Amino acid sequence: MEWREEAECKMVHDPLYCIYFQLQAAQIGSETRCVYIDGPIIVGAGPSGLAVAACLKEKGIPSLIVERSDCIASLWQHKTYDRLRLHLPKNFCELPFMSFPSSFPDYPTKQQFLTYLTSYADQFDIKPVFNSTVEKAEYDKGAGLWRVKTVGVGKESGKTKEFLCRSLVVATGENAEAVIPKMNGMDEFKGAMVHTSEYRSGDVFTGKKVLVVGCGNSGMEVCLDLYNFDAKPTIVVREAVHVLPRDMLGKSTFGLSMWLLKYLPVRLVDNFLLLASHLILGDTTSVGLDRPQLGPLELKSLSGKTPVLDVGTLAKIKSGHIKVSPAVKRFTSTGAEFSDGRSENFDAVVFATGYRSNVPYWLKERDFFSEKDGLPRNPFPNGWKGENGLYAVGFTKRGILGASMDAKRIAHDMVSNWNSTRQQALLFQTEKDKRT
């Protein structure tokens, strides 16, 4: 079998053979280590990867998703807390060509969202290759193909494969790896330290004093969850943050903002949001939550920093049930020292410090993706297409809505090249039949 595998890998460098090999790809057995894929390879089976696969299928283009975990949407299934709901209304979180069930609430729960994703994969017959971590992906200029090397994990541990394809879609997203900043004294602290990716419920912290580092949506919701389980949470607020009500004037704040932006400039909409927030929530500065100088939408556009949509945490901060502290200066064996000179004891620390892209670790490409943060160098809406058949989805800093937009763009862009390749393949096959 080894000689056959080597021959297939070598012959695929022939442009004409590539077309013929593409037609014969389905006949290659699963034992083949070097496999040419008839269509693009999509790395990542989260919402972004599923959206691209569905959009391609609607255009008649087959694809293969490779996923390092054992399921779709592994971040949602394995690394999110139980009380999580979609932060935006369901109509802004739909994947292409399929709506949420009308019976679902405006803000679906974690389990409801996973049910929706499972139904989505079933409807479009999307069957990823699970337990397959991409170790390396690079473009072979001589062959005009992407080489994607994978190594099996879990049930497939130790198995390696090399896939060849004309197009590669990076759908691993902005949240591939948990981020825990290095802070003085972390090794001294004797209590538990976990990232929100490991946090499920506050029931294990009942009666305990817990320090939550990070005041984004996750940090705020974890604090509320801890309070609901009779823990004593303190949230670290290191910098200014916009806190907005999740709903205002009977509509979602996000939906209202999008509607207003159709008619008004960003700064005017920001002024409206801040005024409405002050009337509904009161002065957040008085409880230690200073607001940035830039408005929430302008700040989001320039930095990608998302405003916090309050689901009840602010009321508990005002009542004193959730405390607010400034930046941690250092950890001690029993707690933490803060930048204002105070010290306090804690039983546990939860880091709500976000995630980062892991693209630089496996994609051998330096022009399209930044090595610094693993995101496309070109900002939205121009960060979805690179060179040599390279695409990106899920890196817009605009959640599922942004991923759906890019998925449609990618499928539309691939159609012309796909049809051209099909015609070349048919011509090649016709000429081959004539010769034989």
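**View 1. A three-residue hairpin links strand E17 to strand E18**. The model is predicted; local features need pLDDT of at least 70, side-chain atom pairs count only at pLDDT 80 or more, and totals for chains, interfaces and linings use all residues. Residues are numbered from 1 along each chain as its sequence is written, and side-chain values use heavy atoms, with hydrogens and water left out. Strands (E, at least two residues) and helices (H or I, at least four) are DSSP runs, numbered from the N terminus. Two strands pair if DSSP finds at least two bridges between them. E17 pairs with E18 (residues 335-338) over three bridges, in the antiparallel sense. Val 328 faces Phe 338 of E18. Phe 331 stands opposite Ala 336, also in E18.

View 2. E18 and E19 run antiparallel and are joined by three bridges. Ala 336 has Glu 344 of E19 as its bridge partner. Ala 336 also stands opposite Phe 331.

**View 3. Three strands make an open antiparallel sheet**. The order is E17-E18-E19. Strand E17 (328-331) and strand E19 (343-345) are the edge strands; each has a single partner strand, so one side of each is left without a neighbour in the sheet. From one strand to the next, the twist averages 25 degrees. Axes here are lines fitted to C-alpha atoms, for helices over the stretch in contact, and angles run from 0 to 180 degrees between N-to-C directions. Strands of a sheet pair through backbone hydrogen bonds, either parallel or antiparallel.

**View 4. Strand E10 pairs with E11 in the parallel sense**. Five bridges join the two strands. Val 212 has Ile 235 of E11 as its bridge partner. E10 is mostly covered, with four of its five residues buried. Buried means under 20% relative accessible area, exposed over 50%, and partly exposed in between (1.4 Å probe, protein chains only). Leu 211 sits in E10 (residues 209-213). Leu 211 counts as buried because its relative accessibility is 0%. Its C-alpha atom is separated by 8.9 Å from that of Cys 223, twelve residues apart along the chain.

**View 5. Asp 230 has a positive phi in a loop**. The value is near 60 degrees, in a residue other than glycine. The loop runs between helix H6 (217-228) and strand E11 (232-236). Asp 230 counts as exposed because its relative accessibility is 57%. Most residues other than glycine have a negative phi, and most peptide bonds are trans.

View 6. Phi of Leu 249 is positive, near 55 degrees. At 69% relative accessibility, Leu 249 is exposed. At 11% relative accessibility, Ser 252 is buried. The Ser 252 side chain reaches the backbone nitrogen of Gly 255 at 2.9 Å. This is a polar contact: a pair of N or O atoms within 3.5 Å, where, within protein, one must be able to donate a hydrogen and the other to accept it, and residues adjacent in sequence count only if both atoms are side-chain atoms.

**View 7. A cis peptide bond runs from Phe 380 to Pro 381**. Omega is near 10 degrees. Pro 381 is found in the loop between helix H11 (359-362) and strand E22 (390-392).

**View 8. One cavity of 30 Å³ or more turns up in a search of the whole structure**. The largest cavity has a volume of about 40 Å³. A cavity is a set of points, on a 1 Å grid over the protein atoms alone, where a 1.4 Å probe fits but cannot get out; lining residues have an atom within 4 Å of a point. Grid points are joined across faces, edges and corners, and the volume is the space filled by probe spheres set on the points. The lining consists of Val 359, Pro 360, Leu 363, Glu 365, Arg 366, Phe 369, Ser 370 and Glu 371. Four of these residues are nonpolar, one is polar and three are charged. Ala, Val, Leu, Ile, Met, Phe, Trp, Tyr, Cys and Pro count as nonpolar, Asp, Glu, Lys and Arg as charged, and the others, Gly among them, as polar.

Definitions and conventions:
1 Å grid on protein atoms, 1.4 Å probe; cavity = no way out; pocket = protein on both sides within 12 Å on 5 of 7 lines; lining within 4 Å.
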